[in-house]
Structure formats: structure tokens, C-alpha cells
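This report describes the fold, dimensions and surface of one protein chain. The sequence and the coordinates come first, followed by the computed values.

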Amino acid sequence: ENKIVYAFLALILLGFFSLLVYMTWQRERKITQTILIFLFVPIFLAFLSSFFVPTIAPKRLLLVLPQFFFLISLGVNSLSKKWQLPAVALLLIINLVSLSAYYLIPRFQREQWRQAIGWVEENASEKSLVLFEFTEPFGPWAFYQKGKIEATGVFNQGNDIDLNMPELVGGKNQVFLFQYLVEMIDPDRKIGKWLEQNNYILRQTVDFPGVGLVYEYTK
């Protein structure tokens with residue numbers, strides 16, 4: 001992505017929304033303070049928790065959207081009559097453009113767990129295993145999978161990979177490894193290296209938006 005373009009657009013939008021908030025502040029200072037608290041406290045808490053778990057994502061901050069629109073609507077109402085209609089039109093354009101980007105550009109969409117799990121089950125066999133770089137399979141796996149293939153977390157019995165892996169992959173000639181959250185849990189990619197050092201060959205890699213890469217190893 002071109003970060004300069006993103007920054008330019010963000011600054012324009014920030015200026016527009018800041019103007020509306022300022023107009024609200026000028027007329028309704030007390031209610032503006034209250035709304036700002038309910039708007040920024042969840043965002044600040046999400047920012048703090050993001051140091052431990054990945055919570056900074058649009059879908060996880062939807063709870064502040066009503067406060068945001070309420071604040072913006074007060075700002076529009078604070079404008080003179082001749083500027084209210086153009087402001088509303090601009091807000092609608094921003095929303096329509098954003099929704100179009102969401103529906104038309106895959107990387108902006110929700111995590112494609114259903115597609116990733118469907119692909120794994122379609123290409124799996126009786127001697128296949130799905131590995132997650134965590135203590136257990138992630139929730140979406142439990143929700144979407146149809147019980148066709150065994151799945152487990154690499155660290156379900158501790159952090160010693162050399163001790164865990166032989167027991168986990170024993171008798172399996174095909175391993176699907178999910179990259180999800182690997183940067184936080186296994187930044188050195190030790191699981192993939194272990195598989196390659198133990199006669200597993202990386203056959204293919206498929207990228208599912210939001211889920212990340214899914215690696216297929218065969219022996």
C-alpha cells in the first residue's frame with residue numbers, strides 16, 4: 001500500500017472531523033466532554049491491551065461508532081444552515097467509498113477462516129494434521145471445522161518444540177501449519193524450520209486475508 005496516499009487521505013478526514021468536533025465543543029461543551037470520554041476510553045484500553053493481544057482492528061472498535069456518529073451529528077447541527085447539507089453529503093460519500101472498498105478489496109474484509117478451513121479439509125487425508133502455533137486450535141477452527149481432520153496446538157504441553165513436535169506429528173505424512181499470530185508467538189518460525197529439518201517438504205502456501213498464510217508440508 002502507498003502509505004503517503006493513506007496519510008494524505010487520513011489528514012483530510014481528520015481535519016474535517018476535527019472541525020465538526022470543534023463546532024460541537026463550542027456549543028455543547030459538557031455533552032461533548034462526556035461523549036469524548038466514552039469514545040476514547042475504549043480506544044485507549046484497546047491500545048494498551050494490543051501490547052499483549054492483537055486488539056487494534058476496526059471490527060473490535062465498532063462499539064465506539066455510535067459515540068462517533070453522535071458527536072459528528074452534533075457538529076453538523078452546529079454548522080450554519082447553508083453548510084449542513086454539504087456536510088451530510090460529504091459524510092455519506094465517505095461512508096459509501098469506505099463500504100465499497102470493504103466489499104471490493106479482499107484485504108479489508110473479515111478474516112477468511114471459513115475459506116481457509118474449507119481448503120484444508122478439501123486437501124487433507126487420513127494421515128493429515130493441522131497445527132496452530134498456540135496452546136490449542138483457535139476458536140474459528142472449532143466453529144467451522146467438520147471433524148474431518150485432527151488439529152492441535154503446538155504448545156499444548158509446554159514450549160519445548162523438540163519435545164512436543166515428534167509426538168504431535170508421529171505417523172502423519174501431511175501437516176497444515178497456520179501462520180496466524182506467529183509474529184507474537186513464534187517470531188523465529190521455529191515450527192516450520194523443525195518440519196523442514198525432519199524430512200517435511202513445503203508443497204504450497206496459500207494466503208487467506210485476515211488469517212494469513214497456511215503452509216502445506218508433506219513427508
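In what order do the elements of the protein run from the N terminus on? The order is α-α-α-α-α-β-α-β-α-β-α-α-β-β. In total, the secondary structure comes to nine helices and five strands.

The model is predicted. Its average pLDDT is 89, and 98% of the residues score at least 70. Where pLDDT is low, the predicted coordinates should not be read in detail. The elements with the lowest and the highest mean pLDDT are listed below.

| Element | Residues | Mean pLDDT |
|---|---|---|
| Helix H8 (lowest) | 182–185 | 82 |
| Strand E3 (highest) | 174–178 | 96 |

As to overall dimensions, the protein has a radius of gyration of 24 Å, whereas a compact globule of 219 residues would have one near 17 Å. The C-alpha trace spans about 75 × 35 × 35 Å along its principal axes.

How much of the protein is buried? Buried residues make up 34% of the 219 residues. Among contacts in the protein with a separation of 6 or more, 61% are accounted for by residues 24 or more positions apart.

The accessible surface comes to about 14,200 Å². Carbon and sulfur atoms hold 63% of that surface.

On the charged side chains, the protein has 20 positive and 18 negative ones. The centres of these two sets lie 14 Å apart.

Conventions
Residues are numbered from 1 along each chain as its sequence is written. This is a predicted model: local features need pLDDT of at least 70, side-chain atom pairs count only at pLDDT 80 or more; totals for chains, interfaces and linings use all residues. Side-chain values use heavy atoms; hydrogens and water are left out. pLDDT is the predictor's confidence in each residue, from 0 to 100. Helices (H or I, at least four residues) and strands (E, at least two) are DSSP runs, numbered from the N terminus. The radius of gyration is taken over C-alpha atoms; the globule rule is 2.2 Å times the number of residues to the power 0.38. Buried means under 20% relative accessible area, exposed over 50%, partly exposed in between (1.4 Å probe, protein chains only). Contact means heavy atoms within 4.5 Å. Accessible areas come from the Shrake-Rupley method with a 1.4 Å probe; for residues, only the protein chains shown count as cover. Lys and Arg count as positive and Asp and Glu as negative; His and the chain ends are not counted. The place of a charge is taken as NZ of Lys, CZ of Arg, CG of Asp or CD of Glu.
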